[in-house]
Amino acid sequence: MAGNRTFTIIKPNAVGNRNIGDICAMIEKAGFRIVAMKMTYLSRNDAEKFYHVHRGKFFFRNLYLFMTSGPIVVMVLEKENAVEDYRTLIGKTNPELAEEGTIRKLYAQSKTRNAVHASDSDENAAWEASFFFNDKEIMDADYCLPLPEDEIDSD
Ligand code: CMP
């Protein structure tokens, strides 16, 4: 593995607002490799499981209602220091407090409709990635190394 992995969700508001491409461009320009990616949705049961650490908090109901309201894009990202660097790239949970130029500053509408999710530790990143992807669906970041010249241009 080239670096560490983190896990992210592009949430229903950002998918609905057609921000998938811009958010992925920001992620790649910041030096992350997307090593797994799919569009899917969360059932209420899945949302409650995925966010089990927030069960009982005042925002839990809003969180699962929103997260089940439309399609999401889930990704595994690879880079040195991935967890911390990705949290810097997305900015604070509350978009009003997020730094200029961060993903949430640009694409979030509120603390609930905050455009993206990010793992908060290497351990949680591994668990969250395995919630959506099996091992074969997560690529080796070296997948895009060029083939030898004679295997590419044979014509
Ligand atoms: P996320 O990174 O997906 O992880 C948990 C989510 O809970 C978080 O983004 C927010 O959408 C939501 N959340 C966390 N704190 C609050 C809060 N104080 N008010 C409303 N929603 C919150």
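The following exercises, each with a worked solution, concern the predicted model shown above.

Residues are numbered from 1 along each chain as its sequence is written, and side-chain values use heavy atoms, with hydrogens and water left out. Because this is a predicted model, local features need pLDDT of at least 70 and side-chain atom pairs count only at pLDDT 80 or more, whereas totals for chains, interfaces and linings use all residues.

**Exercise 1.** Determine which residues of α5 are buried and how they are placed around the helix axis.

*Solution.* Begin with the buried residues (under 20% relative accessible area, with exposed meaning over 50% and partly exposed in between, for a 1.4 Å probe and protein chains only), which in α5 are Ala-82, Val-83, Tyr-86, Leu-89 and Ile-90. They cover an arc of only 125 degrees around the axis, taken from the directions from the helix axis to the C-beta atoms, and therefore lie on the same side of α5. Turning to the face directed away from that buried side, one finds the exposed residues Glu-84 and Thr-88. Finally, the buried residues of α5 pack against β1 (4-10), α2, β3, α6, β4 and α7 (122-132), and the helix is followed by Gly-91, whose phi is positive, near 85 degrees. Here helices (H or I, at least four residues) and strands (E, at least two) are DSSP runs, numbered from the N terminus.

**Exercise 2.** Describe the surroundings of Thr-8.

*Solution.* Thr-8 lies in strand β1 and is buried, with a relative accessible area of 0%. Its side chain makes a polar contact with the side chain of Tyr-86 at 2.7 Å; such a contact is a pair of N or O atoms within 3.5 Å, and within protein one must be able to donate a hydrogen and the other to accept it, while residues adjacent in sequence count only if both atoms are side-chain atoms. Leaving out residues up to four places away in sequence, Thr-8 touches (heavy atoms within 4.5 Å) several residues, including Val-73, Met-75, Tyr-86 and His-117.

**Exercise 3.** Identify the polar atoms facing the ligand and state what share of the ligand the protein buries.

*Solution.* The ligand is surrounded by 13 residues, the closest being Lys-11, Tyr-51, Lys-111, Asn-114 and His-117, where a residue counts if one of its heavy atoms lies within 4 Å. A polar side-chain atom of Tyr-51 lies 2.6 Å from a ligand oxygen atom, a polar backbone atom of Lys-111 is 2.8 Å from an oxygen atom of the ligand, and a polar side-chain atom of Asn-114 lies 3.2 Å from a ligand oxygen atom. Taken alone the ligand exposes 460 Å², of which the protein buries 83%, with areas from the Shrake-Rupley method and a 1.4 Å probe.
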